[in-house]
Amino acid sequence: MKWLVDFFKGTWLKHPLHPIIVHVPMAMWPGALIFDLLSQWQIGGNAMVRLSFYAIVFGLVASLLAVPTGVLDWSGIKREKPAWKIGLYHMTLNLVVALLFAVNFGLRLQTYRQASKVDSTPFLLSIIGTGLLITSAYLGGMMTYQYGISVARMSKKKWRKVAEAGGANVPPE
């Protein structure tokens with residue numbers, strides 16, 4: 001079981017796995033919205049409907065890997081830290097987004113091969129899902145850039161040595 005946890009944490013990469021994987025749904029789902037818009041404007045015909053469908057599929061598959069990697073990163077945050085609560089909102093929003101795109105996928109399944117325009121309900125789901133995804137991505141960035149989640153994966157002592165070796169102006173302990 002430890003090997004699986006190490007895999008999802010990105011230990012083998014010496015880099016957290018979550019920020020690598022999340023870029024796939026972060027690109028695919030807004031991309032699906034762009035293809036939906038093009039289909040609404042009667043540009044590209046069935047090709048846009050299919051591209052949107054496949055973008056949703058690729059995003060869903062990637063989200064299956066993004067969820068456990070994110071949960072593992074989040075589980076390492078102490079509950080009393082502000083980043084824990086932000087992570088909870090981030091995770092909840094992402095689960096809602098994944099569910100919206102899963103429903104979106106299901107609604108398109110029967111028609112994506114022949115339709116020349118995406119129906120209004122899947123189109124609306126793409127708009128809502130993408131909006132929530134962008135909000136969630138903002139929270140994920142806040143966790144990283146404001147609170148340093150998954151940034152410092154070594155002790156402060158090791159960071160101090162690395163910084164001093166690089167010539168950084170390190171304050172006294």
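Are Asp36 and Arg108 buried or exposed? I looked them up: Asp36 is buried, and Arg108 is buried too. Buried means under 20% relative accessible area, exposed means over 50%, and partly exposed lies in between (1.4 Å probe, protein chains only).

**A note on the model**

I am working with a predicted model, where local features need pLDDT of at least 70 and side-chain atom pairs count only at pLDDT 80 or more, while totals for chains, interfaces and linings use all residues. Residues are numbered from 1 along each chain as its sequence is written, and side-chain values use heavy atoms, with hydrogens and water left out.

**Salt bridges**

I searched the whole structure and found two salt bridges. The term stands for a side-chain nitrogen of Lys or Arg within 4 Å of a carboxyl oxygen of Asp or Glu.

Asp36 and Arg108 make one of them, with their closest N and O atoms 2.7 Å apart. This pair links distant parts of the chain, 72 residues apart: Asp36 sits in helix H3 (residues 23-40) and Arg108 in helix H5 (residues 82-108). I noted that helices (H or I, at least four residues) are DSSP runs, numbered from the N terminus.

Lys2 and Asp6 also form a salt bridge, at 2.9 Å from N to O. About one helical turn separates Lys2 and Asp6, because they are four residues apart in helix H1 (residues 2-9). Lys2 is exposed at 59% relative accessible area, and Asp6 is partly exposed at 23%.

**H3 against H4**

Next I followed H3 alongside helix H4 (residues 46-75): their axes come within 8 Å and cross at roughly 160 degrees. So H3 is roughly antiparallel to H4, a label for angles over 145 degrees. Axes here are lines fitted to C-alpha atoms, for helices over the stretch in contact, and angles run from 0 to 180 degrees between N-to-C directions. H3 passes H4 in a left-handed crossing, where the near helix is turned anticlockwise from the far one by less than a right angle.

Which residues meet here? On the H3 side I listed Trp29, Ala32, Phe35 and Asp36, among others, and the H4 side includes Ser52, Ala55 and Phe58. The residues of this contact divide into 15 nonpolar, four polar and one charged. For the classes, Ala, Val, Leu, Ile, Met, Phe, Trp, Tyr, Cys and Pro count as nonpolar, Asp, Glu, Lys and Arg as charged, and the others, Gly among them, as polar.

**Two buried side chains**

I then checked Ser52, found in helix H4, and it is buried at 0% relative accessibility. Leaving out residues up to four places away in sequence, Ser52 touches Ala32, Phe35, Asp36 and Arg108; contact means heavy atoms within 4.5 Å. Thr130, in helix H6 (residues 120-145), is buried at 5%.

**Positive phi**

Most residues other than glycine have a negative phi. I found that Lys14 has a positive phi of about 60 degrees although it is not a glycine. Lys14 lies in the loop between H1 and helix H2 (18-21) and is exposed at 76% relative accessible area. Gln42 has a positive phi of about 60 degrees as well. Gln42 is placed in the loop between H3 and H4 and counts as exposed at 53%.

Terms used. Angles under 35 degrees count as roughly parallel, over 145 as roughly antiparallel, 65 to 115 as roughly perpendicular and the rest as oblique.
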